[in-house]
Amino acid sequence: MTQAAYVRTEMAPEKAPPVTSSGIIGWMRKNLFDGWLNSILTIVSLIAVGALLYEILPWMFRSSWTANSLNECREQIKEVYGPDASGACWAVIRERYAQLTFGFYPSELYWRPILAFILLLGALAPVLFTSLPRKLLWFSGLYPFIATWLLWGGSVWGPLSALAGFIFGFAALKLITPRYGAILGVISAIVVAILWWVAISGPVATTLESLIPISLEPVKSRNFGGFMLSVTIGITGIAASLPIGILLALGRRSDLLIVKALCVGFIEFIRGVPLITLLFVASTLLNIFLPPGTDFDIIVRVMIMVTLFSAAYMAEVIRGGLAALPRGQYEAADALGLDYWQAQRLVIMPQALKISIPGIVGTFIGLFKDTTLVMIIGLMDPLGLSTAIRANQEWNGIVWELYGFIALVFWIFCFSMSRYSMYLERKLQTENH
Amino acid sequence: MKKTVFLGALAVTGLAAGAAAAGTLDDVKARGKLNCGVTTGLAGFAAPDANGVWEGFDVGVCRAVAAAIFGDPTAVEFIPTTGKTRFTALASGEVDMLARNTTWTFTRDVDLKFEFVGINYYDGQGFMVPKSLGVSSAKELDGATVCIQTGTTTELNLADFFRSNNMSYEPVPIETNAEAQQQFLAGACDVYTTDASGLAATRATFENPGDYVILPEIISKEPLGPLVRHGDNAWGDLVRWTLNALIAAEELGITSANIDELRKGTNNPEINRILGTEGNLGEMLGLSADWAYNAIKAGGNYGELFEKNIGENTPIGLQRGLNAQWKDGGLIYAPPFR
């Protein structure tokens, strides 16, 4: 039996795709020049980007890094690039970067905020990346007290005795709950902790300090400034607003009338007021209400206000996540015999939080950028410092360089947060829908 | 960390409010530092240098007061205040005094209950225009676009001036001085108006200062001076006479250079009284006998402070003008030390 010669016995080898649909040309055809409308848009955009770079790049690179004043900058640039050249005066960043970073923090103590920042990365790592050993979370829990001590200085016993309040509260919870029930346990834990902080912790810290003095040179909040201030306020707000926001969201969906009314009232009140109003309350109204001479730290006041503000927004973001969960999840958790907190912890929250990640990170980024508003109440955040630097006659008139630098640093922080949230979303992608 | 303070403070809020009143000097002495409210930054008047040390004409007043109390011009905590927070900061006791180019007006003195202890700079609102506009008098500005900071007295002064001269103008509202500089240089407005000292400082930063002129008309009175709260006259006296000591020192020729020489004793009894070698003026203020010596030594007399921070040899380059001593045709005048 002979085979017909015109029938192939094997597959023809694959040919390379045509040049016009593969490689760079193919990519460009597909993404940039797909049809006449897109081609025109591409060309117009390229021209716009090119024109922008043509203006900005020479300005950025025909710069002076060594001058000591704006006029000196101008002279140096003219000398090197000709009489008509104008360029950036980055020298102001060289001279003032330490001030923009640390504000008025004493320069011989810069190691403390730097160390606190490095430890912050260490404390964040186990929270952000689940592949790290879980025991590291203990360090994350201790970090707020370490950072407080490093940044503000003073006796080590202050933060330690504040920490002890949490420990005693937790002990009370563990002791009371098995015998008298959860509600009494929680109440007694709160009472014990507050009693400790208000009445006992102060004298205990003083006594311990006199027995075993371990202290760092204290630094006043007034000396905080620059990015250090923004990061301190931002991180505190971020770390504190998430748990408070979760509780508020749960409270808002609760069946208990008073809890629900309190949470709704709080959320709607805070969301109905601009942040700047709350900051004015913190800086001026409280000053008038508190007895004169009360040293209630301005930065702590601001932190509390910022935290409350973002907690209200966080609560609504998380409530959105809770509402998106199918009813069956709640019923399944009930059917398994889990109590309320177990159901929240094991079934509801992991799913609700995952749904809310983009919203949560959006709130974080907004909060971090909102920290620049403290300039209005006279705190020296990077924007406030840029005014102060311009008030120096050497640098009066510098605008773009300072704002550009500040924008770049803020962009790095916010972009990292946004990338991390995308990583987290990808990692938690478990469903098959 | 500060929870104890917070809760304790809340508890006593109702009880202790209003118990401030007298004793600012005692509070300051107990604290070991003077809390002085300054601007968040104004060229020549108050600004931190690269090391975070505050400098400027208003800062000099703070340092003189600190030196008069403690003998140490660095015993000051500078508290930056904005135009919005300055008065509450003073009223609530967050600062002991304000030296923050604040205009002395009736309502601030009477209604807001502050005490202006004197005037350390007579300012007034002026106009700056590009030379190419070909204008030599503010009367020729009919129909001009004007860059103006919103919510300030300068805005009201401007409206009054143009109305009383039957001229029209187009306001370009701006928020800060830095923004104004950019707008003015970009040609968004023909005229920039603010306090004359601010105009001079701004012009000095331009790439070609010679292309811009400051018009001769001054259309408002802006007497700037340090202020304290109502209710503690002894403290007000202390700040007032420290400022007066700086002014009298210039009049009497006491400078930071010759003060040690003069302190050994002179034939001029007023100099001797100021420097504490005769009489007991310091004791009357509740200070040591060498209070004025320390205050003048801190940064020099009024004239020296002026020359060092805003005078003709600085980039700001202000002439003394109204701020010359009364003997030289100005308004700066200290009552006698007797």
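A residue is taken as buried if 20 or more other C-beta atoms lie within 10 Å of its own. By this criterion, in the predicted model described here, the buried residues of helix 14 of chain A are Ile348(A), Met349(A), Ala352(A), Ser356(A), Ile360(A), Val361(A), Thr363(A), Phe364(A), Leu367(A) and Phe368(A). They pack against helix 9, helix 12, helix 13 (327–335) and helix 16 of chain A. Helix 14 covers residues 340–370, and its 31 residues place the end C-alpha atoms only 35 Å apart, whereas a straight helix would reach 45 Å at 1.5 Å a residue. A bend of about 60° is found in helix 14 of chain A at Ile357(A), with a proline, Pro358(A), following within four residues.

Helix 11 of chain A, residues 275–289, is described in the same terms. Its 15 residues span 20 Å from the first C-alpha to the last, close to the 21 Å expected at 1.5 Å a residue. Leu278(A), Leu279(A), Ala282(A), Ser283(A) and Asn287(A) are its buried residues. The partners against which these buried residues pack come from both chains: helix 12 (298–324) of chain A and helix 4 (86–91) of chain B.

Helix 15 of chain A, residues 382–390, is largely enclosed by the rest of the structure, because 9 of its 9 residues are buried. The buried set runs through Pro382(A), Leu383(A), Gly384(A), Leu385(A), Ser386(A), Thr387(A), Ala388(A), Ile389(A) and Arg390(A). Their cover includes helix 4, helix 9 (226–252) and helix 16 (400–427) of chain A, along with strand 2 (47–48) and helix 7 (177–185) of chain B. The loop between helix 15 and helix 16 of chain A contains Ile398(A). Ile398(A) counts as buried because 25 other C-beta atoms lie within 10 Å. Apart from neighbours within four places in sequence, the contacts of Ile398(A) are Leu70(A), Cys89(A), Val92(A) and Arg390(A). Between the C-alpha atoms of Ile398(A) and Ser230(A), which are 168 residues apart along the chain, the separation is 22 Å.

The largest nonpolar core has 163 residues, and those with the most contacts inside it are Val302(A), Cys36(B), Cys62(B), Val65(B), Val191(B), Leu246(B) and Ala295(B). Helix 12 of chain A gives the most to this core, contributing 15 residues. For Val65(B), contacts beyond neighbours within four places in sequence are made with Leu34(B), Met97(B), Val239(B) and Thr242(B).

Chain A is divided into domain 1 (19–61), domain 2 (63–97), domain 3 (154–216) and domain 4 (221–427). The C-alpha centres of domain 2 and domain 4 of chain A are 39 Å apart. Their contact takes 9 residues from domain 2 and 8 residues from domain 4. On the domain 2 side, helix 4 (residues 91–102) of chain A supplies the largest share, 3 residues. The residues on that side comprise 6 nonpolar, 2 polar and 1 charged.

Chain B is divided into domain 1, made up of 23–122 and 224–328, and domain 2 (125–220). Taken over C-alpha atoms, the centres of these two domains of chain B are separated by 31 Å. At the contact, 8 residues of domain 1 of chain B meet 5 residues of domain 2 of chain B. The domain 1 side of this contact has 5 nonpolar residues, 3 polar and no charged.

Methods:
Residues are numbered from 1 along each chain as its sequence is written. Chains are lettered from A and ligands numbered from 1 in the order in which they are written. This is a predicted model: local features need pLDDT of at least 70, side-chain atom pairs count only at pLDDT 80 or more; totals for chains, interfaces and linings use all residues. Helices (H or I, at least four residues) and strands (E, at least two) are DSSP runs, numbered from the N terminus. The expected span of a helix is 1.5 Å times one less than its number of residues. A residue is buried if 20 or more other C-beta atoms lie within 10 Å of its own, exposed if 12 or fewer, and partly exposed in between; C-beta atoms are placed from the backbone. Two residues are in contact if their C-beta atoms, placed from the backbone, lie within 7 Å. Domain bounds come from an automatic or database domain assignment. Ala, Val, Leu, Ile, Met, Phe, Trp, Tyr, Cys and Pro count as nonpolar, Asp, Glu, Lys and Arg as charged, and the others, Gly among them, as polar. A nonpolar core is a set of buried Ala, Val, Leu, Ile, Met, Phe, Trp, Tyr and Cys residues joined through C-beta atoms within 7 Å. The bend at a residue is the angle between axes fitted to the seven residues ending there and the seven starting there.
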